[in-house]
Amino acid sequence: MPFTHPPIHGIKPKTTLPQGIALVCEGGGTRGFYSAGVFEAFMDEGLMFPYIIGVSAGAANALSYVSGQPGRNRQILEFYVGDKRYVSKRNLFRHGTLFGYDFIFKTVPQNHIFWDNDNFLAAETHLLTGVTDCETGLPAWFGKNELGNDFHIARSSCSVPLIGKIVHHDNRAFLDGGISAPIPITKAIEDGNTKFVIVLTRNKGYTKPPFKHKRLLKFVYRKYPKLAEALINRHTLYNNQLALCEQLEAEGKAIIIRPQQPLTVDTTATNIKKLLALHDEGHAEGRAVISKIMKL
């Protein structure tokens with residue numbers, strides 16, 4: 001079956017940054033198309049990082065960056081995010097998840113927008129995708145060779161609590177990586193990196209508030225009490241990780257890229273015009289810091 005859109009074959013980067021420089025990617029649902037725009041700017045310059053770590057949409061959107069397919073994420077946004085199979089209440093009622101992960105990770109790459117798996121696997125960058133282990137409430141990390149053709153780990157990382165399903169893989173239960181490592185800076189440091197480019201999907205000054213309905217979390221995830229505890233404490237973890245990122249930036253060890261214009265979309269937004277504008281803002285703001293990244 002031919003693809004709906006002409007295949008975009010992966011290209012190899014012109015420049016890979018030195019070891020010790022990490023690209024750290026926050027999630028954010030469809031708000032993460034801002035990050036996709038930033039990655040587009042990196043591809044424009046043929047720039048690749050030796051180490052990339054992400055959770056949820058941050059990890060998912062990095063896939064097309066690592067596979068070297070410019071314009072692929074934008075095509076997904078322009079032609080398929082508005083499709084009810086991508087995100088809709090209908091999905092929630094029919095399948096128990098707001099985002100249609102079979103459509104996103106199977107139908108689109110197999111039938112509509114070519115996925116260059118060969119170029120992805122050949123890329124020399126070390127890509128880590130984070131998920132949350134439901135038994136422990138702690139993060140688990142998977143390399144790009146462990147994602148599989150069905151993107152099972154990426155699905156797990158993107159499975160938003162309450163509006164997404166727990167994903168079972170290799171006799172383990174996983175959920176959104178943004179629960180236990182919302183901005184995965186700590187893992188990037190633990191792995192020996194000393195310089196960081198951090199892509200966030202919230203405006204400067206954002207502080208994550210506590211989740212109000214703790215009893216609901218404890219009830220829904222009663223089989224996984226440590227997962228419920230991690231969700232209840234996520235705001236503290238997020239705010240601490242954000243503070244660490246800003247401290248590293250103040251010390252000259254990090255560059256933070258985040259939306260400069262006030263956000264007008266949320267995690268499940270499907271307004272294509274607004275999301276395209278956000279993507280293109282990320283593209284412009286990514287290009288604006290290329291020279292700073294090279295000096296880092």
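**A walk through a predicted model**

Let's start with leucine 162, which counts as partly exposed at 33% relative accessibility. On that scale, buried means under 20% relative accessible area, exposed means over 50%, and partly exposed is in between, with a 1.4 Å probe and protein chains only. Before I go on, a word on the source: this is a predicted model, where local features need pLDDT of at least 70 and side-chain atom pairs count only at pLDDT 80 or more, while totals for chains, interfaces and linings use all residues. Residues are numbered from 1 along each chain as its sequence is written, and side-chain values use heavy atoms, with hydrogens and water left out.

Back to leucine 162. You'll find it in the loop between helix H7 (152–158) and strand S7 (167–169). Helices (H or I, at least four residues) and strands (E, at least two) are DSSP runs, numbered from the N terminus. Together with Leu216, Phe219 and Val220, Leu162 makes a nonpolar surface patch of about 340 Å². A patch takes residues with over 30% relative accessible area and no salt bridge; like charges are joined within 9 Å, and nonpolar side chains (Val, Leu, Ile, Met, Phe, Trp, Tyr) within 5 Å. The areas come from the Shrake-Rupley method with a 1.4 Å probe, and for residues only the protein chains shown count as cover.

Now, salt bridges. Side chains of opposite charge can pair when their charged atoms come close. Here a salt bridge is a side-chain nitrogen of Lys or Arg within 4 Å of a carboxyl oxygen of Asp or Glu. How many does the structure hold? Eight salt bridges. One of them joins arginine 258 and glutamate 246, with the closest N and O atoms 3.2 Å apart. Arginine 258 sits in the loop between strand S10 (254–257) and helix H12 (272–288), and glutamate 246 is in helix H11 (residues 234–250), so this pair ties together parts that are twelve residues apart in sequence. Arginine 258 is buried, at 5% relative accessible area, whereas glutamate 246 is partly exposed, at 29%.

Glutamate 251 also has a partner, lysine 253, at 3.5 Å between the closest N and O atoms. Both ends are partly exposed: glutamate 251 at 41%, lysine 253 at 36%. And there's a network of salt bridges linking Arg74, Glu78 and Asp280.

What about disulfides? These need a pair of cysteine sulfur atoms within 2.5 Å, and the count here is zero.

Next, a hairpin. Strands S5 (residues 126–133) and S6 (residues 139–143) run antiparallel, joined by five bridges; pairing takes at least two bridges found by DSSP. Threonine 132 stands opposite proline 139 in S6. Five residues lie between the strands, and glycine 137 takes a positive phi near 75°.

Last stop, serine 67, in the loop between helix H2 (56–66) and helix H3 (72–80). Is serine 67 buried or exposed? Buried, with a relative accessible area of 0%. Beyond its neighbours within four places in sequence, serine 67 is in contact with residues including Gly10, Trp115 and Phe120, where contact means heavy atoms within 4.5 Å.
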